[in-house]
Number of protein chains: 2
Amino acid sequence: MITRLSTLFLRTLREDPADAEVPSHKLLVRAGYIRRVAPGVYSWLPLGWKTLKKIEAIVREEMDRIGAQELSFPALLPREPYETTNRWEEYGDALFRLKDRKKADYLLGPTHEELFTLTVKDLYSSYKDFPVILYQIQTKYRDEERPRAGILRGREFIMKDSYSFNMNDEGLAESYSLHRQAYQRIFDRLGVNYAICQATSGAMGGSASEEFLAISPTGEDTFVSSTDGSFAANVEAVVTQPGTPRPIEGQPEPKVYDTPGASTMESMLEWMQRDGIEVDGRPAELSDTLKCLIVKVAQPGKEPELTGILIPGDREADMKRLEASLEPATVELASDEDFAKNPFLTKGFVGPRALAENGVRILADPRVVEGTAWITGADEKDRHVVGLVCGRDFQPDGSIEAAEIKEGDPAPDGKGTLTLERGIEIGHIFQLGRKYTTAFDVQILDENGKRTIPTMGSYGIGVSRLLAVLAEQRHDERGLNWPVEVAPYPVHVVVANKDPEAGAAAERFVAELDAQGVDVLFDDRPKVSPGVKFKDAELLGMPYTVVFGRRYADGVIELRERGADTRDVPAEDLVEEILSALRPAAQS
Amino acid sequence: MITRLSTLFLRTLREDPADAEVPSHKLLVRAGYIRRVAPGVYSWLPLGWKTLKKIEAIVREEMDRIGAQELSFPALLPREPYETTNRWEEYGDALFRLKDRKKADYLLGPTHEELFTLTVKDLYSSYKDFPVILYQIQTKYRDEERPRAGILRGREFIMKDSYSFNMNDEGLAESYSLHRQAYQRIFDRLGVNYAICQATSGAMGGSASEEFLAISPTGEDTFVSSTDGSFAANVEAVVTQPGTPRPIEGQPEPKVYDTPGASTMESMLEWMQRDGIEVDGRPAELSDTLKCLIVKVAQPGKEPELTGILIPGDREADMKRLEASLEPATVELASDEDFAKNPFLTKGFVGPRALAENGVRILADPRVVEGTAWITGADEKDRHVVGLVCGRDFQPDGSIEAAEIKEGDPAPDGKGTLTLERGIEIGHIFQLGRKYTTAFDVQILDENGKRTIPTMGSYGIGVSRLLAVLAEQRHDERGLNWPVEVAPYPVHVVVANKDPEAGAAAERFVAELDAQGVDVLFDDRPKVSPGVKFKDAELLGMPYTVVFGRRYADGVIELRERGADTRDVPAEDLVEEILSALRPAAQS
């Protein structure tokens, strides 16, 4: 296919759009790939649409390769199934809701667990029908509070979502593993730089959930990876290495100190230096102290319950990690009113002893283990206690991941230390289990004729987001730079010589590429200067630009590889040169 | 691609779904192509989805061939542009409206004139950029009052909509003609039996609007075609051949008769026979009489105005034709109250004279021309007048198409007579003009640097509806029957012989077809009887079914052409036989 810039529906812009903050957003608008219609709602112009279709094709090929079957559910969905799973309410403001002319409730699908489950229930009844993996590449809707960065976080966007249905957990593990491999192939083919992050801590069961994050400074998600590359996880999923238990016997009794004004890290440190507090014969450090955070934890459908969270004093509490640790319960900090109602809580000086004496549940950082001694609040104003030993002077009711992760922390697998990075979620694979099949009472007869509820996996890829991610990871200050497999056109041909001979030669060249099945973007605009054409070529970002320029008369054509080198090619070698440059990608 | 029925996500049904009335709906559900989610909202199961994609591909190819450029607009659209064109209100209940979390108004796009126009305005400014044709194949939403017949009239459906933008009317005519040819190629390739119908009468200008109607007894639209095939039109677009003017001089004066009770066609005829009324020396007929229909016509934004509509007495009034004739005015029948307020209207005996005397506008059927004499109401109870001559005794203020069309009427082009048929709208091409470019003030500089408003054409194809139309036109009582270019799989291979050798031979055969690039649906189900497999094959409707059956041992394979003959093919010729059967389609 030959597309001529003289007729292509395109206008490139020299100025960044006013509302754009991240490079992909600026460049995709400036290069005429997308155009804003409303907050988080974009049109796909011809170049953007073609690029998107190439990404979709790669996703489709790799899904088909693992035996997944494509279908397509509506975006307009009735309320009832989402009522059954409680998601009609749970989704809150992020769900687009509407009524039809008969006042029946509908929603615009944010994800389709309900429909996939109901359809499997409708069609299948025997174990012989399983396993099955179904997927769609479809427009989804989420009323994001802060749509941002163009198509990176839109309100109407395109997702590949798939679901696996298996009769047992081993089958689910297999379907999960197939998806993991397919996702790796997809992101590898697209040339994305990504990490696979454990999305939840071991609490929910090993590798039950992993996120594929494209590494990018504009990413909204922070994740940690180990210096030796063997480990990556969401901050919420990092498991702290437990402290080493110590013998209790022989440890000195706790001793209370006057510590007027010692309520910040700094003032604690000052006091410990001033009073010469020692631990194991060395001066005490902040990591020897224990903060006691008072929160209210509400289990679903229950009243909130006062809880004390103990974390080492050299770390801030990380509320996201705390919340993830306690899910599905919700957490909030205790208010002044809560302190007033519970006078045993001495604000700024709370310690575990008062909590235990008053029946308040205590959850402690994994470093707080039997025999470890701590400096903490003495439950009296302006006083701290030194040498409070876990297992002797207080006993936590459980363990919790509530402390922040710091760059340089030891990796959970013991290999190397942790680095903090930013990423953009591009994929998520998740062993969902029987939540939806139970909600819809999907009963399948197993080999023994017994009714069994199948188990599900849920797997997503942000297809439209991937286009922005590639723009984000591969641009330079002059424009976009697409990989060959994704570029709307692998080759961009520029006529930059007024000699009609040069134009005619370019015409013959693009016709020949077209005959070889290579799509070409052809800058045949007669009244546009070479300078503007080169600027546009760099902005639009095709991997190879062929210039019929000044030295055409000498039989020399320029071949520019976007983001790499430029070289001269004799006119007679040009087609072969291009074909061989494109070949490796075509074979992948 | 080989798809095995042992793993395909499919369950065929022996019973028609309870809510289905038309064959395409019944069969598409029974054959597992679609599945209902809500009224007028359907899921596409794997077979349906694959078929839909094939139809889309044909539409896309032919649109690309006329130089149309594909892009894609959102389905979720802000209210403002639709406010500008007044369609936010005009659409009434058929528009799905919703609010986002900030209470801003949105809609689900029913058509996208506004967005196309705004985008062209945004990107283009010079005549050099024109002409341009843009299209999308996209999900659209209309809250139909009576969604019916499965995907024939859905509330979420897939449409190809395109728009042309030209600097002048000649350009528009050219873009229109390109679309007309593309549509013919599309529907021809799909194998649809269709007619191209003039959608409006000459009033709006020649071929300004044509509908492509698939001929089908389940169609909602009635259209007329001429017996010699040279003419087809919507009923609203049929132009009546005008009557022949006659000299007024020498015609007898009108004479009033007592006609007690003559208020129906039958009683009129009775009276005329009884009183021996003659016209041109022959007994009077109903076609010599004139009905006078009293209506109220309201021009937009104005008060309704009393109007008399004269139509020959042998025809009913056709309100749809009447309304189309008067557009954009709206019409309603005069009420008893209107008659009471205007005592000169003698109900059942109104004639043109009282209307003219009282300043009521008279619009007459085209057969009512100068010198024609009529039998009509005498404006007195139980009296009629004979020999009322147009141009002497009354003078119409204008002409109107308000009489029904009858089978056998002369064709407007004078060739043959008219036949009434039913059809399903599958395409519509329309010279839209400057309505939207004016509304959004799209100003383009022409060759002389003068600001010019470009003119638009608007063109639609019901892509998902086409799938139902093909099912409707091509089924038989046993199931579907797809054309080769549309079938999800051109070949269906059935193993109907328990001999493992037969199964192995079938495996080799499908592998060979796959290697040749032919997609195969392979019924490899081990425990399903040949009878059930044959029934399923007919229901699913692939064009060719290859049966490895009883006579496999004799080297004979059965080749069944859906809806046609079955023949025996020697095993060694099988691949070549299939390839040559598929070849003509592949070359088209």
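**Exercise 1.** How much area is buried between chain B and chain A, and what percentage of it do carbon and sulfur atoms give?

*Solution.* Keep in mind that this is a predicted model. Start with the total: about 4800 Å² is buried between chain B and chain A. Carbon and sulfur atoms give 58% of that area. Next, look for the main contributors on the chain B side: B:Phe9, B:Arg101 and B:Leu123 lose the most area to chain A, and together they make up 17% of what that side buries.

**Exercise 2.** Work out which residues and polar links join the two chains.

*Solution.* Begin with contacts, taking heavy atoms within 4.5 Å as the cut-off. On that basis, 52 residues of chain B touch 52 residues of chain A. Now go for the charged pairs: there are eight salt bridges between chain B and chain A. In a salt bridge at 2.5 Å (N to O), the side chain of A:Arg35 meets that of B:Asp122. Which helix gives the most to this side of chain B? It's helix 5 (residues 113-123), with six residues. Finally, sort the chain B side by class: you get 32 nonpolar, five polar and 15 charged residues.

**Exercise 3.** Find how the two copies are related.

*Solution.* First, superpose chain B on chain A: this takes a rotation of 180° with 0.1 Å of shift along the axis, and the RMSD is 0.2 Å. The two copies are therefore related as by a two-fold rotation axis. Then check who sits by that axis: in chain B, B:Leu98 comes closest, with its C-alpha at 2.6 Å. Last, compare the surfaces: 100% of the interface residues of chain B are also interface residues in chain A, so the copies meet through the same surface.

Terms used. Residues are numbered from 1 along each chain as its sequence is written. Chains are lettered from A and ligands numbered from 1 in the order in which they are written. This is a predicted model: local features need pLDDT of at least 70, side-chain atom pairs count only at pLDDT 80 or more; totals for chains, interfaces and linings use all residues. Side-chain values use heavy atoms; hydrogens and water are left out. Buried area is the accessible area (1.4 Å probe) that two parts lose on being put together, summed over both. A salt bridge is a side-chain nitrogen of Lys or Arg within 4 Å of a carboxyl oxygen of Asp or Glu. Helices (H or I, at least four residues) and strands (E, at least two) are DSSP runs, numbered from the N terminus. Ala, Val, Leu, Ile, Met, Phe, Trp, Tyr, Cys and Pro count as nonpolar, Asp, Glu, Lys and Arg as charged, and the others, Gly among them, as polar. Copies are superposed by least squares on the C-alpha atoms of residues with pLDDT of at least 70 in both.
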